[in-house]
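The model is predicted.

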Amino acid sequence: MGEMIIEGGRPLLGCARIQGSKNAALPMMAAAILHEGEVALHNCPRIADVFSMERILQSLGAETCWEDHTLRISCRNLRGYEIDREDAASMRSSVMLMGSLLGRQGRVRIAHPGGCTIGARPIDLHLGVFRAMGAVVEEQGEMLEARTGGELFGTRICFPISSVGATENGILAAVKARGTTLLENCALEPEITHLCHFLQAMGAEIGGIGTRKLRIRGVRILRDVRFAVPPDRIVAGTYLYAAAATRGKVTLSDAPVEEISSILRVYEKMGGQWEYNGGKLIADASGVERMVKYTRTQCYPGFPTDMQSVLMAVLLTIPGKGRIREEIFEDRLKTAGELKKLGGQIHTAGRDAWITGGEPLTGARVEARDLRGGAALAVAALAASGTTVIGNAGFVERGYEAIDADLTALGGRIRRIP
Ligand code: EPZ
């Protein structure tokens, strides 16, 4: 997985461009299966999870090719419905393929998905959608087999809790189902809206986009489309908070400011300043000095769980006592153990982390345990004096296309060792 070596202790001063969104691109790639033609995704992030999804599509008979950051996918000759066990287990997003393969092939065989170890991450809501739409779903150990009697049927589904992936799978299954599907209590994350706009551009009929109630009328034919993957709100938040941790001044172009209001609100509470000018987020974090006493992660538009460990890293640099509560995933505080190796004063119990900020952070060897936790370690390392070595750096590259180059452009001193 390799290592990242970071020399910390000085403010970030520089500019970087925000990459395309991992969590928007992955369901769009799964959606390509629904169309017996070609889609082109511009601004597609060249990250490990996208390459894994590309390999899975190729194994099903799709043809793909890259031109810089444009990924072309043709599923004209798609034949397969079985996902390689290792590929399926390599990331959570493989579960998205169930909805689109059932919609296209009427059948799918896949292992339980993998992804960051941040909790149990069941897929009962996903399977419930397929069963409600007429599919027979069998679980044999870690393997899942689902099939329709020829097609899925539109129906009304009300999700008991807000789930990004289950909402996305419901949409993918409904696009070519017979009749109309009503999905209620849908998640509101922007990636769902982006998926709906992508599918609409392909000819899908979706109403209620951006609300908790989506109405999808099944269609038979979709069309070729070229679509730009929107920028990644979590990458933008990560770099903004890296500036906050080092009291720096950064300019982030293509930052999706309208999608990171909750992240900006917490940044302002710390004393951070920002403006949005000509498509650029210009942040002056030199005045960051106020501890944020309580933050809890929530579904969108609340403070995102994907920013929880990054926020923890920033709070370690601010004198005072703060508390973070992780409401979404039951086991997403483990990065605290690694941050303590840098001198961080953190106490965790259950879903809560209590931070005593202001103690000096000193470089050390730490291990990334998941994607966003690894990014949080990089943020803390930039604020720490001396050298930090982050092991398992490959975790970070699942979602950040060039975090070393980006942080270098922002003024950080970071090296990647394969
Ligand atoms: C998506 O995961 C994102 N991943 C996650 O980002 C993100 O943290 C999460 O949404 C929450 O915003 C992708 O989009 C690829 P959920 P997902 O279904 O869909 C429970 C990252 O770092 N649940 O919204 O898996 C679940 O256990 C990743 O980019 C069920 O109980 O999240 C959790 O407690 C990490 N049954 C809650 O719902 C189900 O069938 C929300 O999970 C599904 C979910």
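Are Tyr239 and Tyr400 buried or exposed? Both Tyr239 and Tyr400 are buried.

## Aromatic pairs

Three aromatic pairs are counted in the model.

Tyr239 and Tyr400 form a tilted pair, 6.4 Å centre to centre with 40 degrees between the planes. This pair links distant parts of the chain, 161 residues apart: Tyr239 sits in helix H8 (residues 233–246), while Tyr400 is in the loop between strand S22 (386–391) and helix H13 (403–409).

## Enclosed helices

Helix H4 (residues 96–104) has eight of its nine residues buried, so it is largely enclosed by the rest of the structure. The buried residues are Met96, Leu97, Met98, Gly99, Ser100, Leu101, Leu102 and Arg104. They pack against H1, H2, strand S6 (107–111), H5, strand S8 (143–147) and H6. Just after H4, Gly106 takes a positive phi of about 75 degrees.

In helix H10 (residues 308–315), eight of eight residues are buried, and the helix is mostly covered. The buried set in H10 consists of Gln308, Ser309, Val310, Leu311, Met312, Ala313, Val314 and Leu315.

## Nonpolar cores

The largest nonpolar core holds 76 residues, and within it Ile73, Ile171 and Leu199 touch the most other members. H1 gives the most to this core, contributing seven residues. A separate core of 71 residues lies apart from it, and its members include Ile260, Ala285, Ile318 and Leu410.

What is Leu199 in contact with, leaving aside its neighbours within four places in sequence? Its contacts are Ala31, Leu34, Ile171, Leu172, Val175, Ala204 and Ile206.

## Ala166 in helix H6

Ala166 is found in helix H6. Its relative accessibility is 0%, so Ala166 counts as buried. When neighbours within four places in sequence are set aside, Ala166 is in contact with Leu125, His126, Val129 and Phe159. Ala135 is 31 residues away from Ala166 in sequence, and the two are 15 Å apart in space, C-alpha to C-alpha.

## The largest pocket

The largest pocket contains about 1000 Å³ of space. It is lined by 44 residues, of which Arg121, Val164, Gly165, Ile328 and Phe329 are the closest to its centre. Helix H1 (22–31), helix H5 (124–132), helix H6 (164–174) and helix H12 (371–383) are the elements that give two or more residues to the lining.

How many residues of this lining are nonpolar, polar and charged? The lining divides into 19 nonpolar, 10 polar and 15 charged residues.

Technical notes:
Residues numbered from 1 in each chain as written. Predicted model: local features only at pLDDT ≥ 70, side-chain atom pairs only at ≥ 80, totals over all residues. Heavy atoms only, no water. 1 Å grid on protein atoms, 1.4 Å probe; cavity = no way out; pocket = protein on both sides within 12 Å on 5 of 7 lines; lining within 4 Å. Points joined across faces, edges and corners; volume = space filled by probe spheres on them. Helix = DSSP H or I, 4+ residues; strand = E, 2+ residues; numbered from the N terminus. Nonpolar A, V, L, I, M, F, W, Y, C, P; charged D, E, K, R; others polar. Core = buried A, V, L, I, M, F, W, Y, C linked by side-chain atoms within 4.5 Å. Buried < 20%, exposed > 50% of the residue type's maximum accessible area, 1.4 Å probe, protein only. Contact = heavy atoms within 4.5 Å. Phe/Tyr/Trp six-rings, centres within 6.5 Å; stacked < 30°, edge-to-face > 60°.
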